[in-house]
There are 2 protein chains.
Amino acid sequence: MAAFSLGLNSFVVPMSMHAENRSRLTSSLSTQNAIILFEGGSAKERNDTDHELLFRQESYFQYLFGVKEPGFWGAIHVQSNKSVLFCPRLPAEYQVWMGNITTPAQFKEMYEVDEVLYVDEMESWLAEQEASTLLLLEGKNSDSGSMFVPPKLPNPPANLTVDTSILFPILANQRVYKTDAELALMKHVSKVTSLSHVATMRTIKPGMMEYQAEATFHHYAYFNYGCRNFAYTAICACGPDPAVLHYGHAGAPNDRKINDGDMALMDMGAEYHCYASDITCSWPVNGRFTDSQKIIYGGVLEAQRKVYEILKPGTSWVDCHRAAEKAILAAMVSLGVLRMIEGVTLDEMVEMRLGGVFMPHGLGHFIGLDTHDVGGYLPKFPERPKGPGLKSLRTARTLDKGMCLTVEPGCYFIDYTIDNALADPSLARFIVPSEIDKYRGTGGVRLEDVLAITGDGFVNYTVAPRGIDEVEMVMGKGGKWPPVEDKYPELRREDLLTM
Amino acid sequence: MAAFSLGLNSFVVPMSMHAENRSRLTSSLSTQNAIILFEGGSAKERNDTDHELLFRQESYFQYLFGVKEPGFWGAIHVQSNKSVLFCPRLPAEYQVWMGNITTPAQFKEMYEVDEVLYVDEMESWLAEQEASTLLLLEGKNSDSGSMFVPPKLPNPPANLTVDTSILFPILANQRVYKTDAELALMKHVSKVTSLSHVATMRTIKPGMMEYQAEATFHHYAYFNYGCRNFAYTAICACGPDPAVLHYGHAGAPNDRKINDGDMALMDMGAEYHCYASDITCSWPVNGRFTDSQKIIYGGVLEAQRKVYEILKPGTSWVDCHRAAEKAILAAMVSLGVLRMIEGVTLDEMVEMRLGGVFMPHGLGHFIGLDTHDVGGYLPKFPERPKGPGLKSLRTARTLDKGMCLTVEPGCYFIDYTIDNALADPSLARFIVPSEIDKYRGTGGVRLEDVLAITGDGFVNYTVAPRGIDEVEMVMGKGGKWPPVEDKYPELRREDLLTM
């Protein structure tokens, strides 16, 4: 069986996973007399230099073919489901610098496709095919707003009519529904990510620097599980920094000293065979929550619980978002920064978009080959909603079996959103300025799980400590993880005790 | 004093280093009535997704301005040496996702320039300048063969005539000569890299995987010294893999199991404030050299020594390469894979390019902001030589004070170069086929130091174990590093005992 694996104990991904992805695609296309053609990613250099960046395959190509090398093309004959890879023809000197030249026959065995030819043979192969349509991918990524641009063929084959409209909505939507093989891989990457978070919680102490958390996480996931790439730049935020949602970028490079009393918000995810995890843990850097930290953290955990009560096929993702906001608003009332006004319910406060003050991002997103995975907004599915918080939702779809998502409620004290709310009388009346001022500069809390929707609910692939007692136990001396007992079965952490 | 630093104990780089680079440039230009304009690097995404790659500044822009954020432009008025940065104007919502918006006044303080304006003010600023020429950079990188493309201005100022020919040869050549501030930084990065190599030597054991060396190295340099980026993809080669010169790329991802008896070749370099190190250590994975490993390793170390005997201002780099080859050929004679032929000296064997069989790469390269730093081949300097090995030299220049280079002799058993030599009667007569066959598949050895040319010789910034006894000591139980005594003063490892 051909497979990808990096390392002694690393997870084995069978190439049959990609064959299944190809079969699902060809069987769902009504245009049978067609060839699907994809260009794989190419090696890139740093600016004008010869510094070659570590190649990571383009996600659609990875999905269909699982090829780790740059410079490939791939084709699928729809009717026969026959798959062909086209590999670069390399000069003999290549072996001195880059290693033995893999032959087409060896690639055929490695990637379990029907045929492997050289890229320079592709156009003549296309010209020989009994088909009338050449299907290329073209469409807009709804998270980035960028177009997936179809490849340009130097000499388009005269026998084939190019179509760039059919493939995108079908393939992007197919990626939303994971197969069992993909789910097994998603579960593995989230287990690795969870354990790397635990290692980070145990290593980081007051007096260290935020970036040392990033270093610890990366090392644990790579050294132990062969995760060479990461799903995104690590967010290692302490003190006020958790209030910056995408902290950790080059302009704010996790460079603060960690102080006793800080809350840490660590949003980090490994990647394996180009499949992503995306988990956030929040914890007091000295290992013990204060009373107010317990209220804020408890509110975010309660938001996850409320979402999990309704997380199943048929539920709208927008309703999940609202459920999370409601729990967070309730916690803000308990904390004293919000006041209830007679005659106005929490649900009505949610409708006024008060939740967007504390959680200005969406509840979560699809996840798979991309951290913000494709398919969030597609033709024939619900459009992007409006209003603070809601407009940031990366999908408004109804949940369905096989979807993988993150659930990541958060509660932050952000000057910009607080000041905007205080300037808006309809929202300001709920806020207690003297109380909310106490929390400015204290950051915030986010808890983010990766999970999959099942036939009647969901399974949680995140096996990190979540209960306040669990967090304090893991950060204390000799605190074991995984635990000996699952005290929070409502979180549905799969195989928590036996992982 | 404005400075860059990441971390508690990380190295502090003063912004005056960049001011000095700007002054050197303006004072060396004969075109005084001019403005120099540069576009800094921009943030990039992974393909069509919103996965933002970790930004690393473009090297020329970093050299002149030291700005860590994307989206900047920079200008220098040549006559006055006045420096101006142009920063992006960010929307207010930016602070929710990316953090507090740094004001122009704050950037002015951070980067110690004379003025900071917004990018959208740049064109009107240019139009107001009393100057006649706009100098832009354009030229070919001699390592990659790629062009540095000058930035495109939407509305080029009518008052200025664009010139793209003056700047490149002067600025590329200036980068070859490091200032004292740059040398201090180069020394620091190579110290970090040396110590991270030592940590790797102590961690890796037979039975582990090659990539675990990469994980160990990265972690040590980042966790302890704030090196978030690396100078290039780590080459962690064991067993036969050292014979693949650029092993470790995505197609050969350091994925072999390490076996007892293997030699390891670890070519890894940290980066700090965009300045690179590039050090290779080779060692027996079980901690003890065999007799034949001692001959091969000893030959490569002797090649370094022979180079160091002549490494000073006035020496041609091509002669250094030849000196290294000669030592390696001598070791191959000792090993028994080469035979001496009566009437043919080692020097003549070098001239026949026999050295290229065992060392098909150049002796080393300039290093600085880029691992293969600019200025190797420029107008008015020696052209690229011909012949195996020599043609791979990244410069043929005469050494001069202030140059930073790597010296990296190697000796490999590569089927491709051996078979080519056996097919060439003029080379085959020196080879003992039955002996060389014993070493096929055993990889090879490389030793790579980073050093700087001084007024009368050089200083070596590489403080890694080099002597066979040093390597065995460090890999043994309780082996201390740095050592208590410098037994190899001829390697000129600066501050070895006191680092």
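Let me start with one residue: B:Glu472 counts as buried, at 14% relative accessibility. By buried I mean under 20% relative accessible area, with exposed being over 50% and partly exposed in between, using a 1.4 Å probe and protein chains only. B:Glu472 pairs up with B:Arg288 in a salt bridge, where the closest N and O atoms are 3.5 Å apart. A salt bridge here is a side-chain nitrogen of Lys or Arg within 4 Å of a carboxyl oxygen of Asp or Glu. This pair links distant parts of the chain: B:Arg288 is in the loop between strand S15 (279-284) and helix H9 (291-310) of chain B, while B:Glu472 is in helix H16 of chain B, 184 residues away.

Some housekeeping. This is a predicted model, so local features need pLDDT of at least 70 and side-chain atom pairs count only at pLDDT 80 or more, while totals for chains, interfaces and linings use all residues. Residues are numbered from 1 along each chain as its sequence is written, chains are lettered from A and ligands numbered from 1 in the order in which they are written, and side-chain values use heavy atoms, with hydrogens and water left out.

Okay, chain A as a whole. Its secondary structure comes to 16 helices and 20 strands; those are DSSP runs numbered from the N terminus, with helices (H or I) of at least four residues and strands (E) of at least two. The radius of gyration is 24 Å, close to the 23 Å that the globule rule gives for 499 residues, so chain A is as compact as a globular protein of that length. That radius is taken over C-alpha atoms, and the rule is 2.2 Å times the number of residues to the power 0.38. Along its principal axes, the C-alpha trace of chain A spans about 75 × 45 × 45 Å. Of the 499 residues in chain A, 60% count as buried.

What about contacts inside the chain? Contact means heavy atoms within 4.5 Å. Taking contacts in chain A between residues at least 6 apart in sequence, 73% join residues at least 24 apart.

Now, how do the two chains meet? We have 76 residues of chain A in contact with 76 residues of chain B. The size of an interface is often given as the accessible area lost when the parts come together. Here chains A and B bury about 6,200 Å² between them, 59% of it on carbon and sulfur atoms; that is the accessible area (1.4 Å probe) that the two parts lose on being put together, summed over both. On the chain A side, A:Asp48, A:Trp97 and A:Phe223 lose the most area to chain B, together 13% of what that side buries.

The rule finds 8 salt bridges across this interface. For example, B:Asp50 forms a salt bridge with A:Arg394, with the closest N and O atoms 3.2 Å apart. As for which elements are involved, helix H3 (94-98), strand S9 (147-148), helix H8 (210-225) and helix H13 (415-422) of chain A each give two or more residues to the side touching chain B. H8(A) gives the most, with 9 residues.

Look at A:Arg305 and A:Glu302, with the closest N and O atoms of their salt bridge 3.2 Å apart. They are 3 residues apart in helix H9 (residues 291-310) of chain A, so about one helical turn separates them. A:Glu302 is partly exposed, at 29% relative accessible area. A:Arg322 and A:Asp319 also form a salt bridge, at 3.1 Å between the closest N and O atoms, and both lie in helix H10 (residues 317-335) of chain A, 3 residues apart.

A:Pro482 sits in the segment after helix H16 (468-475) of chain A. Then there's A:Asn254, whose phi is near 50°, a positive value in a residue other than glycine. Is A:Asn254 buried or exposed? Buried, with a relative accessible area of 0%. A:Arg353 also has a positive phi, about 65°, although it is not a glycine, and at 11% relative accessibility A:Arg353 counts as buried.
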